[in-house]
Amino acid sequence: MLLCILPVSADESATDMSVEAGCNTVDGKMPLLGNQQLINNANAALLYETTTDTLMYAHNADAKVPPSSLLKILTALIAIEKGSMTDVVTVRKEVLATLPYDAAVVELLVDEVVSVRDLLYCMMVSSGNDAAVVLADHVMGSQQAFVEEMNRRAAEYGCTGTHFVNVHGLHNENQYTTARDVAKILKKA
């Protein structure tokens, strides 16, 4: 999935070329590569400009696709809102054990003490699946409660093609989103 969310600063030209070119549509089909070639190597794509609330390009924007690590953006948003950056968390063995054996990216250690801030950095910079599960467990008491909050938030943001089953984005056939829904989540973030 390809997703671009672009703000335009207030002092830039008020001319909106996307509207003049006919791209201000739900399914704009304007070439992005400068040579009239449409994107053909992404299952879904969306280019959205936030300042004018303009959808500039969409390709299969409502197709259900795996969220992969884009899901961690919502995990971070909820952790920041519901947690405290200065909290310290002791990494628990039973939390790490919920990940597949080769999915621990930052290799947190059992009984290691880490701040919520550092866990967020580990999750967002290194795509740390282990940091995501430790954060979720700390913030909501369990990963399941955190996932329920993620689904509630997604619905609150207007996401209609999204269902989450974990906090890190590792593949699960019952977990999906759309480029349009990810744009809604990114706009909130």
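Hi everyone, let's start with Gln-143, which touches Val-95, Thr-98, Val-133, Ala-136, Asp-137 and Val-167, leaving aside residues up to four places away in sequence; contact here means heavy atoms within 4.5 Å. This is a predicted model, where local features need pLDDT of at least 70 and side-chain atom pairs count only at pLDDT 80 or more, while totals for chains, interfaces and linings use all residues. Residues are numbered from 1 along each chain as its sequence is written, and side-chain values use heavy atoms, with hydrogens and water left out.

Gln-143 sits in helix 6, residues 143-156; helices are DSSP runs of H or I with at least four residues, strands are E runs of at least two, and both are numbered from the N terminus. Is Gln-143 buried or exposed? Its relative accessible area is 19%, so Gln-143 is buried, the cut-off being under 20% with a 1.4 Å probe and protein chains only. Its side chain also makes a polar contact with the side chain of Thr-98, at 2.9 Å; that term is a pair of N or O atoms within 3.5 Å, where one must be able to donate a hydrogen and the other to accept it, and residues adjacent in sequence count only if both atoms are side-chain atoms.

Now over to helix 4, residues 116-125, whose buried residues are Val-116, Leu-119, Leu-120 and Met-123. Seen down the helix 4 axis, these fall within an arc of 100°, so they line one face; the arc is taken from directions between the axis and the C-beta atoms. They pack against helix 2, strand 4, strand 5 and helix 5. After helix 4 comes Ser-127, with a positive phi near 55°.

Key
Buried means under 20% relative accessible area, exposed over 50%, partly exposed in between (1.4 Å probe, protein chains only).
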